[in-house]
Amino acid sequence: MRRILVTGAAGQIGSELTPRLRELYGGENVVATFHIKKLGEDLLSSGPCEHLDVTDAKRLREIVEEYDIDSIFHLAAILSAKGEQKPQLAWHVNMSGLYNVLEVARELELRVFYPSSIAVFSPETPRDMTPQLTVMRPRTIYGVTKLAGELLCDYYHNRFGVDVRGVRYPGVISYKTPPGGGTTDYAVEMFYAAVKGEPYTCFVREDTVLPMIYMPDCIKAAIQLMEADAERLTRHADYNLASMSFSAGELAEEIRKHIPDFKVVYKPDYRQRIADTWPRSIDDSAARRDWGWKPSYGLAEMTRDMIENLRRRLEEGLL
Ligand code: NAD
Ligand code: AKB
(Lines give C-alpha, C1' and ligand atoms only; values in the text may rest on other atoms or scores of the structure.)
(Ligands and ions follow the chains in the order given, each with its own letter.)
Protein backbone atom coordinates (compact mmCIF):
# COMPACT_ATOMS: atom_id res chain seq x y z
CA MET A 1 0.00 0.00 0.00
CA ARG A 2 1.37 3.35 -1.08
CA ARG A 3 -1.52 5.84 -1.31
CA ILE A 4 -4.54 5.06 0.87
CA LEU A 5 -8.10 6.40 1.03
CA VAL A 6 -10.24 5.85 4.13
CA THR A 7 -14.04 6.21 3.93
CA GLY A 8 -15.98 6.96 7.12
CA ALA A 9 -12.73 8.24 8.70
CA ALA A 10 -14.57 10.24 11.38
CA GLY A 11 -16.24 7.14 12.84
CA GLN A 12 -15.28 4.97 15.81
CA ILE A 13 -12.77 2.85 13.86
CA GLY A 14 -11.72 5.43 11.25
CA SER A 15 -10.76 8.04 13.84
CA GLU A 16 -8.11 5.63 15.20
CA LEU A 17 -7.19 3.58 12.13
CA THR A 18 -6.47 6.68 10.00
CA PRO A 19 -3.81 8.16 12.35
CA ARG A 20 -2.14 4.73 12.55
CA LEU A 21 -2.09 4.45 8.75
CA ARG A 22 -0.60 7.96 8.57
CA GLU A 23 2.10 6.94 11.05
CA LEU A 24 2.98 3.89 8.95
CA TYR A 25 2.63 5.22 5.40
CA GLY A 26 3.14 8.98 5.80
CA GLY A 27 0.51 11.64 6.55
CA GLU A 28 0.37 12.96 2.99
CA ASN A 29 -0.30 9.43 1.64
CA VAL A 30 -3.49 8.75 3.59
CA VAL A 31 -6.65 10.63 2.54
CA ALA A 32 -9.27 10.84 5.30
CA THR A 33 -12.79 11.18 3.91
CA PHE A 34 -15.87 12.06 5.95
CA HIS A 35 -19.57 12.60 5.37
CA ILE A 36 -21.93 14.16 7.93
CA LYS A 37 -19.81 13.54 11.01
CA LYS A 38 -16.80 15.94 11.01
CA LEU A 39 -13.17 14.85 11.38
CA GLY A 40 -11.25 15.60 14.57
CA GLU A 41 -8.54 18.31 14.69
CA ASP A 42 -5.76 15.66 14.68
CA LEU A 43 -6.95 14.22 11.37
CA LEU A 44 -7.58 17.62 9.78
CA SER A 45 -4.04 18.72 10.53
CA SER A 46 -2.08 15.52 9.79
CA GLY A 47 -2.88 14.86 6.11
CA PRO A 48 -5.32 15.37 3.23
CA CYS A 49 -9.05 15.35 4.03
CA GLU A 50 -12.04 15.36 1.66
CA HIS A 51 -15.79 15.35 1.99
CA LEU A 52 -17.21 12.17 0.42
CA ASP A 53 -20.65 10.59 0.32
CA VAL A 54 -19.80 7.00 -0.64
CA THR A 55 -23.04 6.70 -2.61
CA ASP A 56 -21.59 9.33 -5.00
CA ALA A 57 -19.53 7.19 -7.43
CA LYS A 58 -18.34 10.18 -9.49
CA ARG A 59 -16.87 12.04 -6.51
CA LEU A 60 -15.25 8.84 -5.20
CA ARG A 61 -13.51 8.30 -8.53
CA GLU A 62 -12.38 11.95 -8.69
CA ILE A 63 -10.72 11.68 -5.26
CA VAL A 64 -9.12 8.32 -6.12
CA GLU A 65 -7.64 9.79 -9.30
CA GLU A 66 -6.63 13.12 -7.79
CA TYR A 67 -4.59 11.43 -5.05
CA ASP A 68 -3.42 8.44 -7.13
CA ILE A 69 -4.93 6.02 -4.58
CA ASP A 70 -3.98 2.32 -4.65
CA SER A 71 -5.81 1.03 -1.54
CA ILE A 72 -9.18 1.83 0.08
CA PHE A 73 -10.20 1.08 3.66
CA HIS A 74 -13.97 1.22 3.19
CA LEU A 75 -15.36 1.89 6.66
CA ALA A 76 -18.43 4.04 5.90
CA ALA A 77 -21.64 2.22 6.86
CA ILE A 78 -24.85 2.40 8.88
CA LEU A 79 -24.57 0.01 11.84
CA SER A 80 -27.09 -2.46 13.30
CA ALA A 81 -29.17 -0.40 15.75
CA LYS A 82 -29.35 2.71 13.56
CA GLY A 83 -30.04 0.43 10.58
CA GLU A 84 -33.16 -0.94 12.25
CA GLN A 85 -34.40 2.67 12.67
CA LYS A 86 -33.58 3.51 9.04
CA PRO A 87 -33.48 0.28 7.00
CA GLN A 88 -33.77 1.97 3.59
CA LEU A 89 -30.83 4.27 4.39
CA ALA A 90 -28.77 1.30 5.66
CA TRP A 91 -29.36 -0.64 2.44
CA HIS A 92 -28.54 2.39 0.27
CA VAL A 93 -25.34 3.46 2.07
CA ASN A 94 -24.00 -0.04 2.78
CA MET A 95 -24.71 -1.56 -0.64
CA SER A 96 -24.25 1.43 -3.01
CA GLY A 97 -21.16 2.51 -1.08
CA LEU A 98 -19.51 -0.90 -1.38
CA TYR A 99 -20.55 -1.31 -5.03
CA ASN A 100 -18.98 2.07 -5.89
CA VAL A 101 -15.77 1.16 -4.05
CA LEU A 102 -15.53 -2.24 -5.78
CA GLU A 103 -16.22 -0.71 -9.19
CA VAL A 104 -13.44 1.87 -8.85
CA ALA A 105 -11.19 -0.89 -7.48
CA ARG A 106 -11.96 -3.03 -10.54
CA GLU A 107 -11.32 -0.21 -13.00
CA LEU A 108 -8.14 1.14 -11.41
CA GLU A 109 -6.79 -2.08 -9.81
CA LEU A 110 -6.99 -1.00 -6.18
CA ARG A 111 -6.78 -3.13 -3.02
CA VAL A 112 -9.82 -2.90 -0.70
CA PHE A 113 -10.37 -3.54 3.02
CA TYR A 114 -13.99 -4.46 3.87
CA PRO A 115 -14.97 -4.63 7.55
CA SER A 116 -17.72 -7.21 7.84
CA SER A 117 -19.29 -8.09 11.17
CA ILE A 118 -20.56 -10.83 13.48
CA ALA A 119 -23.96 -9.42 12.37
CA VAL A 120 -23.79 -11.77 9.35
CA PHE A 121 -24.72 -14.65 11.69
CA SER A 122 -28.19 -15.61 12.89
CA PRO A 123 -30.20 -17.75 15.34
CA GLU A 124 -29.61 -20.84 13.15
CA THR A 125 -25.82 -20.39 13.42
CA PRO A 126 -24.00 -22.40 16.15
CA ARG A 127 -23.55 -19.70 18.83
CA ASP A 128 -20.39 -21.04 20.47
CA MET A 129 -17.13 -21.15 18.52
CA THR A 130 -19.08 -20.17 15.41
CA PRO A 131 -17.35 -21.81 12.43
CA GLN A 132 -15.97 -19.92 9.43
CA LEU A 133 -18.42 -21.62 7.08
CA THR A 134 -21.87 -22.05 8.58
CA VAL A 135 -25.58 -21.22 8.26
CA MET A 136 -26.16 -17.45 7.91
CA ARG A 137 -29.67 -15.97 7.80
CA PRO A 138 -29.16 -12.49 9.37
CA ARG A 139 -32.28 -10.81 10.78
CA THR A 140 -31.13 -7.15 10.71
CA ILE A 141 -30.83 -5.03 7.58
CA TYR A 142 -27.24 -4.32 8.68
CA GLY A 143 -26.47 -8.07 8.80
CA VAL A 144 -28.15 -8.57 5.43
CA THR A 145 -26.00 -5.83 3.86
CA LYS A 146 -22.80 -7.11 5.50
CA LEU A 147 -23.42 -10.66 4.25
CA ALA A 148 -24.43 -9.44 0.77
CA GLY A 149 -21.27 -7.30 0.88
CA GLU A 150 -19.08 -10.33 1.63
CA LEU A 151 -20.61 -12.14 -1.34
CA LEU A 152 -20.16 -9.11 -3.60
CA CYS A 153 -16.50 -8.89 -2.56
CA ASP A 154 -16.04 -12.60 -3.35
CA TYR A 155 -17.69 -12.03 -6.72
CA TYR A 156 -15.39 -9.11 -7.58
CA HIS A 157 -12.38 -11.21 -6.58
CA ASN A 158 -13.42 -14.30 -8.53
CA ARG A 159 -14.81 -12.54 -11.61
CA PHE A 160 -12.48 -9.52 -11.93
CA GLY A 161 -9.47 -10.39 -9.76
CA VAL A 162 -10.02 -7.47 -7.33
CA ASP A 163 -7.77 -7.83 -4.27
CA VAL A 164 -10.41 -7.35 -1.56
CA ARG A 165 -9.79 -8.48 2.01
CA GLY A 166 -11.86 -8.30 5.15
CA VAL A 167 -12.75 -9.60 8.59
CA ARG A 168 -15.97 -10.18 10.53
CA TYR A 169 -15.32 -7.79 13.41
CA PRO A 170 -16.82 -8.45 16.83
CA GLY A 171 -18.09 -5.40 18.80
CA VAL A 172 -15.29 -2.83 18.96
CA ILE A 173 -14.44 -1.21 22.32
CA SER A 174 -12.55 2.10 22.39
CA TYR A 175 -12.20 5.39 24.29
CA LYS A 176 -11.51 7.99 21.59
CA THR A 177 -14.68 8.23 19.49
CA PRO A 178 -18.01 6.90 20.78
CA PRO A 179 -19.60 4.14 18.66
CA GLY A 180 -22.05 5.17 15.93
CA GLY A 181 -25.28 3.24 16.56
CA GLY A 182 -24.55 -0.47 17.04
CA THR A 183 -25.92 -3.22 19.29
CA THR A 184 -22.57 -3.69 21.04
CA ASP A 185 -22.42 0.02 22.06
CA TYR A 186 -23.43 -0.86 25.66
CA ALA A 187 -19.95 -2.27 26.26
CA VAL A 188 -18.42 1.17 25.54
CA GLU A 189 -21.18 3.22 27.21
CA MET A 190 -20.69 1.26 30.44
CA PHE A 191 -17.09 2.52 30.71
CA TYR A 192 -18.04 6.16 30.04
CA ALA A 193 -20.71 6.04 32.79
CA ALA A 194 -18.42 4.28 35.28
CA VAL A 195 -15.57 6.76 34.83
CA LYS A 196 -17.93 9.74 35.17
CA GLY A 197 -19.25 8.23 38.43
CA GLU A 198 -22.73 7.71 36.95
CA PRO A 199 -25.00 4.64 37.11
CA TYR A 200 -25.62 2.91 33.76
CA THR A 201 -28.86 1.60 32.31
CA CYS A 202 -27.84 -1.30 30.10
CA PHE A 203 -30.03 -2.09 27.08
CA VAL A 204 -29.24 -5.82 27.06
CA ARG A 205 -29.73 -8.44 29.81
CA GLU A 206 -26.96 -9.08 32.32
CA ASP A 207 -26.36 -12.60 30.91
CA THR A 208 -25.96 -11.43 27.29
CA VAL A 209 -22.62 -12.72 25.98
CA LEU A 210 -21.15 -11.27 22.78
CA PRO A 211 -17.71 -11.37 21.12
CA MET A 212 -15.77 -8.10 21.51
CA ILE A 213 -12.37 -6.68 20.49
CA TYR A 214 -10.30 -3.76 21.81
CA MET A 215 -9.41 -0.99 19.32
CA PRO A 216 -5.63 -1.65 19.18
CA ASP A 217 -6.37 -5.25 18.12
CA CYS A 218 -9.06 -4.07 15.68
CA ILE A 219 -6.51 -1.83 13.96
CA LYS A 220 -3.78 -4.46 14.08
CA ALA A 221 -6.08 -6.97 12.32
CA ALA A 222 -6.94 -4.57 9.47
CA ILE A 223 -3.33 -3.64 8.73
CA GLN A 224 -1.94 -7.16 9.20
CA LEU A 225 -4.51 -8.61 6.78
CA MET A 226 -3.95 -5.86 4.20
CA GLU A 227 -0.17 -6.43 4.39
CA ALA A 228 -0.44 -10.26 4.28
CA ASP A 229 1.02 -12.28 1.43
CA ALA A 230 -1.90 -12.78 -1.02
CA GLU A 231 -0.66 -16.30 -1.80
CA ARG A 232 -1.39 -17.40 1.76
CA LEU A 233 -4.97 -16.14 1.90
CA THR A 234 -7.62 -18.84 1.53
CA ARG A 235 -10.52 -16.41 2.03
CA HIS A 236 -11.29 -12.86 0.90
CA ALA A 237 -13.61 -10.49 2.78
CA ASP A 238 -15.04 -12.80 5.43
CA TYR A 239 -12.37 -13.96 7.87
CA ASN A 240 -13.88 -14.82 11.28
CA LEU A 241 -12.05 -12.79 13.92
CA ALA A 242 -12.09 -13.43 17.67
CA SER A 243 -10.57 -11.72 20.64
CA MET A 244 -12.64 -11.93 23.86
CA SER A 245 -16.21 -12.84 24.88
CA PHE A 246 -18.01 -11.81 28.07
CA SER A 247 -21.49 -11.09 29.39
CA ALA A 248 -22.69 -7.57 30.20
CA GLY A 249 -22.65 -8.61 33.88
CA GLU A 250 -19.06 -9.88 33.68
CA LEU A 251 -17.97 -6.58 32.14
CA ALA A 252 -19.65 -4.62 34.95
CA GLU A 253 -17.87 -6.88 37.50
CA GLU A 254 -14.49 -6.27 35.84
CA ILE A 255 -15.10 -2.50 35.90
CA ARG A 256 -16.00 -2.75 39.63
CA LYS A 257 -12.46 -4.04 40.33
CA HIS A 258 -11.38 -0.45 39.52
CA ILE A 259 -14.56 1.50 40.41
CA PRO A 260 -16.21 -0.53 43.22
CA ASP A 261 -19.44 1.50 43.59
CA PHE A 262 -20.33 1.37 39.85
CA LYS A 263 -24.04 0.51 39.48
CA VAL A 264 -25.80 -1.01 36.47
CA VAL A 265 -29.50 -1.63 35.91
CA TYR A 266 -30.57 -3.86 33.05
CA LYS A 267 -33.48 -2.69 30.88
CA PRO A 268 -33.39 -4.66 27.61
CA ASP A 269 -34.87 -2.88 24.57
CA TYR A 270 -35.12 -3.74 20.84
CA ARG A 271 -31.36 -4.27 20.71
CA GLN A 272 -31.69 -7.36 22.94
CA ARG A 273 -33.48 -9.11 20.07
CA ILE A 274 -30.55 -8.29 17.79
CA ALA A 275 -27.93 -9.46 20.32
CA ASP A 276 -29.83 -12.74 20.76
CA THR A 277 -29.28 -13.56 17.07
CA TRP A 278 -25.48 -13.14 17.21
CA PRO A 279 -22.80 -15.65 18.34
CA ARG A 280 -21.30 -15.84 21.83
CA SER A 281 -17.84 -16.82 20.60
CA ILE A 282 -16.04 -17.22 17.27
CA ASP A 283 -13.69 -19.79 15.74
CA ASP A 284 -11.03 -17.70 14.00
CA SER A 285 -8.57 -20.48 13.16
CA ALA A 286 -8.50 -19.53 9.43
CA ALA A 287 -7.27 -16.00 10.29
CA ARG A 288 -4.68 -17.40 12.72
CA ARG A 289 -3.42 -19.91 10.15
CA ASP A 290 -3.45 -17.71 7.01
CA TRP A 291 -2.10 -14.38 8.25
CA GLY A 292 -0.93 -14.97 11.81
CA TRP A 293 -3.83 -13.29 13.65
CA LYS A 294 -3.39 -13.21 17.44
CA PRO A 295 -5.09 -10.63 19.69
CA SER A 296 -3.09 -8.87 22.40
CA TYR A 297 -5.86 -7.81 24.81
CA GLY A 298 -8.16 -9.85 27.06
CA LEU A 299 -10.97 -8.54 29.30
CA ALA A 300 -8.72 -7.55 32.23
CA GLU A 301 -6.05 -5.71 30.15
CA MET A 302 -8.68 -3.96 28.02
CA THR A 303 -10.66 -2.82 31.09
CA ARG A 304 -7.56 -1.42 32.81
CA ASP A 305 -6.49 0.46 29.68
CA MET A 306 -9.99 1.83 28.96
CA ILE A 307 -10.37 3.17 32.49
CA GLU A 308 -6.90 4.74 32.57
CA ASN A 309 -7.47 6.50 29.26
CA LEU A 310 -11.04 7.61 29.97
CA ARG A 311 -9.93 9.03 33.35
CA ARG A 312 -7.21 10.99 31.56
CA ARG A 313 -9.69 12.30 28.99
CA LEU A 314 -12.11 13.27 31.76
CA GLU A 315 -9.34 15.25 33.51
CA GLU A 316 -8.50 16.95 30.20
CA GLY A 317 -12.17 17.97 29.87
CA LEU A 318 -12.63 15.78 26.77
CA LEU A 319 -15.59 13.68 28.03
P1 NAD B 1 -19.26 4.54 12.75
O2 NAD B 1 -20.74 4.57 12.66
O3 NAD B 1 -18.60 5.03 13.97
O4 NAD B 1 -18.61 5.29 11.51
C5 NAD B 1 -19.14 5.15 10.22
C6 NAD B 1 -18.91 6.43 9.49
O7 NAD B 1 -19.54 6.33 8.21
C8 NAD B 1 -19.52 7.66 10.20
O9 NAD B 1 -18.51 8.62 10.43
C10 NAD B 1 -20.55 8.18 9.20
O11 NAD B 1 -20.58 9.61 9.14
C12 NAD B 1 -20.02 7.62 7.89
N13 NAD B 1 -21.06 7.55 6.87
C14 NAD B 1 -22.37 7.26 7.01
N15 NAD B 1 -23.00 7.39 5.82
C16 NAD B 1 -22.05 7.76 4.92
C17 NAD B 1 -22.07 8.05 3.53
N18 NAD B 1 -23.19 8.00 2.81
N19 NAD B 1 -20.90 8.39 2.94
C20 NAD B 1 -19.75 8.45 3.63
N21 NAD B 1 -19.68 8.21 4.96
C22 NAD B 1 -20.82 7.87 5.58
O23 NAD B 1 -18.82 3.02 12.43
P24 NAD B 1 -17.49 2.27 12.88
O25 NAD B 1 -17.78 1.62 14.17
O26 NAD B 1 -16.32 3.14 12.74
O27 NAD B 1 -17.46 1.11 11.79
C28 NAD B 1 -16.65 1.19 10.65
C29 NAD B 1 -16.91 -0.06 9.84
O30 NAD B 1 -16.60 -1.21 10.60
C31 NAD B 1 -18.36 -0.22 9.38
O32 NAD B 1 -18.38 -0.73 8.08
C33 NAD B 1 -18.92 -1.25 10.33
O34 NAD B 1 -19.93 -2.01 9.75
C35 NAD B 1 -17.70 -2.11 10.62
N36 NAD B 1 -17.78 -2.76 11.92
C37 NAD B 1 -17.75 -2.02 13.06
C38 NAD B 1 -17.87 -2.66 14.30
C39 NAD B 1 -17.84 -1.89 15.59
O40 NAD B 1 -18.12 -2.47 16.64
N41 NAD B 1 -17.49 -0.60 15.57
C42 NAD B 1 -18.01 -4.05 14.34
C43 NAD B 1 -18.09 -4.77 13.13
C44 NAD B 1 -17.94 -4.11 11.93
C1 AKB C 1 -22.98 -3.29 15.80
O2 AKB C 1 -23.30 -3.60 16.97
O3 AKB C 1 -23.78 -3.01 14.91
C4 AKB C 1 -21.51 -3.32 15.47
C5 AKB C 1 -21.13 -4.65 14.89
C6 AKB C 1 -20.84 -5.78 15.78
O7 AKB C 1 -21.08 -4.78 13.70
N8 AKB C 1 -20.77 -3.00 16.64
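How many nonpolar, polar and charged residues are in the lining of the second largest pocket? The lining has three nonpolar, no polar and six charged residues. The model is predicted.

## Second largest pocket

This pocket has a volume of about 150 Å³. Its lining consists of Glu16, Pro19, Arg20, Glu23, Asp42, Lys176, Ile219, Lys220 and Ile223. Helix H1 (14–25) and helix H8 (215–227) are the elements that give two or more residues to the lining. H1 provides the largest share, four residues.

## Largest pocket

The largest pocket has a volume of about 1,000 Å³. It is lined by 44 residues. Leu75, Ala76, Ala77, Ile78 and Leu79 lie nearest its centre. By class, the lining splits into 23 nonpolar, 16 polar and five charged residues.

Where does the largest pocket lie? Both domain 1 (4–170 + 214–240) and domain 2 (173–211 + 244–277 + 297–315) give residues to its lining, so the pocket lies between them. Several elements each supply at least two lining residues: strand S2 (30–34), helix H4 (80–85), H5, strand S5 (111–117), H6 and strand S7 (171–173).

## Cavity

The count comes to one cavity of 30 Å³ or more. About 40 Å³ of space lies in the largest cavity. Its lining is His74, Ala76, Ala77, Asn94, Leu98, Tyr114, Thr145 and Lys146. Four of these residues are nonpolar, three polar and one charged.

Helix H5 (87–108) and helix H6 (141–160) each supply at least two residues of this lining. H5 and H6 also each supply at least two residues to the lining of the largest pocket. Ala76 and Ala77 line the cavity, and they are among the residues nearest the centre of the largest pocket.

Technical notes. Residues are numbered from 1 along each chain as its sequence is written. Chains are lettered from A and ligands numbered from 1 in the order in which they are written. This is a predicted model: local features need pLDDT of at least 70, side-chain atom pairs count only at pLDDT 80 or more; totals for chains, interfaces and linings use all residues. Side-chain values use heavy atoms; hydrogens and water are left out. On a 1 Å grid over the protein atoms alone, a cavity is a set of points where a 1.4 Å probe fits but cannot get out, and a pocket is an open set with protein on both sides within 12 Å along at least five of seven lines; lining residues have an atom within 4 Å of a point. Grid points are joined across faces, edges and corners, and a volume is the space filled by probe spheres set on the points. Ala, Val, Leu, Ile, Met, Phe, Trp, Tyr, Cys and Pro count as nonpolar, Asp, Glu, Lys and Arg as charged, and the others, Gly among them, as polar. Domain bounds come from an automatic or database domain assignment.
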